[in-house]
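This report describes a structure chain by chain, then turns to the contact between the chains and to a few single residues. The sequence and the coordinates come first.

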Amino acid sequence: MDHNLTLLRLASSLAAHASARQTLVTENIAHADTPGYRARDLPDFAETLADGPGFTAQITRRGHIDLDAGARGFEAEEVAAFGAETPNGNSVSLEDQMIRGADIRQNHDLALGVYRKTMDILRASLGRQR
Amino acid sequence: MNEITRTMATAASGMAAQAARLRLSSENIANADTPGYRRKLVSFEETMAGDARAVATGPVRLDEAELARVHDPNHPLAGADGYYDSSNVNMMVEIADAREANRSYEANLRMFEQARQMAGSLLDLLRR
């Protein structure tokens with residue numbers, strides 16, 4: 001039982017991580033032509049999981065991707081694709097960001113899929129028809 | 001969910017900014033042969049839309065480059081030497097700019113669509 005709830009928590013953390021990344025990638029794309037803008041992204045979910053004190057619900061707090069906020073679950077870092085830097089100081093590569101977008105989509109689908117299956121298993125163990 | 005609405009606001013601001021840029025580009029192309037016309041430029045800036053980090057267009061500036069001197073003694077504006085000042089619009093630059101705006105607009109639209117779909121599949125969890 002407890003194991004299953006951990007799984008649910010893990011799945012919802014992954015979904016939160018994916019949507020936080022989605023926000024950052026969308027910001028990057030919106031600023032694809034803004035002079036001096038640096039592309040940002042979150043570290044890998046596996047990395048966050050290994051570093052952090054487990055997966056907590058705190059990460060969905062508002063402002064957790066704000067660069068100025070103090071303590072938070074996820075920390076955005078600058079990422080730049082090789083050769084993406086333009087003379088006006090912008091480091092966004094649309095291609096790189098689209099690939100990140102596809103990756104995010106996949107992770108989000110995975111998280112929701114796991115969540116749904118876990119719920120199904122819980123329901124099955126309760127002996128109810130789904 | 002709040003995250004996703006913010007994402008959509010950011011993508012929408014990106015689309016609005018690129019559309020403004022595309023409009024200026026077509027104004028420039030339309031006025032390529034207007035005597036004395038200076039090319040309009042706009043730069044993008046970071047801004048906030050509610051609590052979403054968004055993009056906005058800065059003030060519209062005029063290109064200070066030399067106006068093209070065209071030799072046409074029959075032109076009503078031509079001086080004694082037969083030259084008049086045309087616009088400083090470079091068609092090639094404008095077309096390239098419009099292409100880039102179009103490409104960025106599309107990327108923003110993709111992200112908007114993806115955020116929408118992610119929100120949809122999240123809400124689908126409640127379906128049963």
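## Basis of the description

Helices (H or I, at least four residues) and strands (E, at least two) are DSSP runs, numbered from the N terminus. With that definition, H75(B) is found in the loop between β5 (69-71) and β6 (83-85) of chain B.

This is a predicted model, in which local features need pLDDT of at least 70 and side-chain atom pairs count only at pLDDT 80 or more, while totals for chains, interfaces and linings use all residues. Residues are numbered from 1 along each chain as its sequence is written, and chains are lettered from A and ligands numbered from 1 in the order in which they are written.

## The two chains

Chain A contains three helices and two strands, arranged from the N terminus as α-β-α-β-α. A residue is called buried if 20 or more other C-beta atoms lie within 10 Å of its own, exposed if 12 or fewer, and partly exposed in between, with C-beta atoms placed from the backbone; by this criterion, 34% of the 130 residues of chain A are buried. Two residues are in contact if their C-beta atoms, placed from the backbone, lie within 7 Å, and of the contacts in chain A with a separation of 6 or more, 71% are between residues 24 or more positions apart.

Chain B has two helices and six strands, and its pattern along the sequence is α-β-β-β-β-β-β-α. Its radius of gyration, taken over C-alpha atoms, is 21 Å, well over the 14 Å that the globule rule (2.2 Å times the number of residues to the power 0.38) gives for 128 residues, so chain B is more spread out than a compact globule. Along the principal axes, the C-alpha atoms of chain B fill a box of roughly 80 × 20 × 15 Å. Buried residues make up 25% of the 128 residues in chain B, and 61% of the contacts between residues at least 6 apart in sequence join residues at least 24 apart.

## The contact between the chains

Chain B gives 28 residues to the contact and chain A gives 25 residues. On the side of chain B that touches chain A, at least two residues each come from α1 (2-30), β2 (44-49), β3 (52-57) and α2 (91-124), and α2(B) supplies the largest share, 11 residues. Sorted by class (Ala, Val, Leu, Ile, Met, Phe, Trp, Tyr, Cys and Pro count as nonpolar, Asp, Glu, Lys and Arg as charged, and the others, Gly among them, as polar), this side of chain B holds 11 nonpolar, 10 polar and seven charged residues.

## The helix pair α3(A) and α2(B)

Helix α3 of chain A (residues 94-125) packs with α2(B) at an angle of about 5°, their axes being 11 Å apart; axes are lines fitted to C-alpha atoms, for helices over the stretch in contact, and angles run from 0 to 180 degrees between N-to-C directions. The two helices α3(A) and α2(B) are therefore roughly parallel, a term for angles under 35 degrees. Residues of α3(A) that take part include L94(A), G101(A), H108(A) and L112(A), and among those they meet in α2(B) are S104(B), A107(B), M111(B) and M118(B).

After α3(A) comes G127(A), whose phi is positive, near 80°.

A17(B) lies in helix α1 of chain B and is buried, with 27 other C-beta atoms within 10 Å. Apart from its neighbours within four places in sequence, A17(B) is in contact with F44(B), V55(B), A56(B) and T57(B).

H75(B) is partly exposed, having 14 other C-beta atoms within 10 Å, and its C-alpha is 10 Å from that of P35(B), 40 residues away along the chain. D85(B), in strand β6 of chain B, is also partly exposed, with 16 C-beta neighbours inside 10 Å. Residues up to four places away in sequence being left out, D85(B) touches P35(B), G36(B), L67(B) and R69(B).

How values were computed
Parallel < 35°, antiparallel > 145°, perpendicular 65-115°, else oblique.
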